[in-house]
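Dear colleague,

I am handing over the structure below, together with some notes on what was found in it. Please read them alongside the sequence and the 3D view.

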Amino acid sequence: MAIVVMILAVIAWLFVQAALADAGQGPRSRGSLRYQRRKAAKLGLDPADVEVRPARRRS
């Protein structure tokens, strides 16, 4: 039963990653998230309210 749950979790994770890729959003790096938190602290805002430009895509 646990194996079935693990397989379903992997399929769901792949589905979510594909949906994010279609929307043009990739996973954020730790450095990018850290930059966003620092910028928010400097501006006195919540990190979710700070606009951060995504890094250029490497192909």
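With a relative accessible area of 46%, R34 counts as partly exposed, because that value falls between the 20% limit for buried and the 50% limit for exposed residues. Please keep in mind that this is a predicted model.

R34 belongs to helix 2, which runs over residues 30–43, a stretch of 14 residues. From its first C-alpha to its last, helix 2 reaches 20 Å, close to the 20 Å expected at 1.5 Å a residue. Helix 2 is followed by G44, which has a positive phi near 75 degrees.

In the segment after helix 2 we find V50, which counts as buried because its relative accessibility is 8%, and the limit for buried is under 20%. Leaving aside residues up to four places away in sequence, V50 touches Q36, K39, A40 and L45. For one of these, Q36, the C-alpha lies 6.8 Å from that of V50, although 14 residues separate the two in sequence.

Turning to helix 1, which covers residues 2–22, V4 lies within it and is partly exposed, with a relative accessible area of 46%. V4 also takes part in a nonpolar patch on the surface, formed with I3, I7, L8 and I11, and together these residues have about 500 Å² of accessible area.

Terms used
Residues are numbered from 1 along each chain as its sequence is written. This is a predicted model: local features need pLDDT of at least 70, side-chain atom pairs count only at pLDDT 80 or more; totals for chains, interfaces and linings use all residues. Side-chain values use heavy atoms; hydrogens and water are left out. Helices (H or I, at least four residues) and strands (E, at least two) are DSSP runs, numbered from the N terminus. The expected span of a helix is 1.5 Å times one less than its number of residues. Buried means under 20% relative accessible area, exposed over 50%, partly exposed in between (1.4 Å probe, protein chains only). Contact means heavy atoms within 4.5 Å. Patches are made of residues with over 30% relative accessible area and no salt bridge: like charges are joined within 9 Å, nonpolar side chains (Val, Leu, Ile, Met, Phe, Trp, Tyr) within 5 Å. Accessible areas come from the Shrake-Rupley method with a 1.4 Å probe; for residues, only the protein chains shown count as cover. A salt bridge is a side-chain nitrogen of Lys or Arg within 4 Å of a carboxyl oxygen of Asp or Glu.
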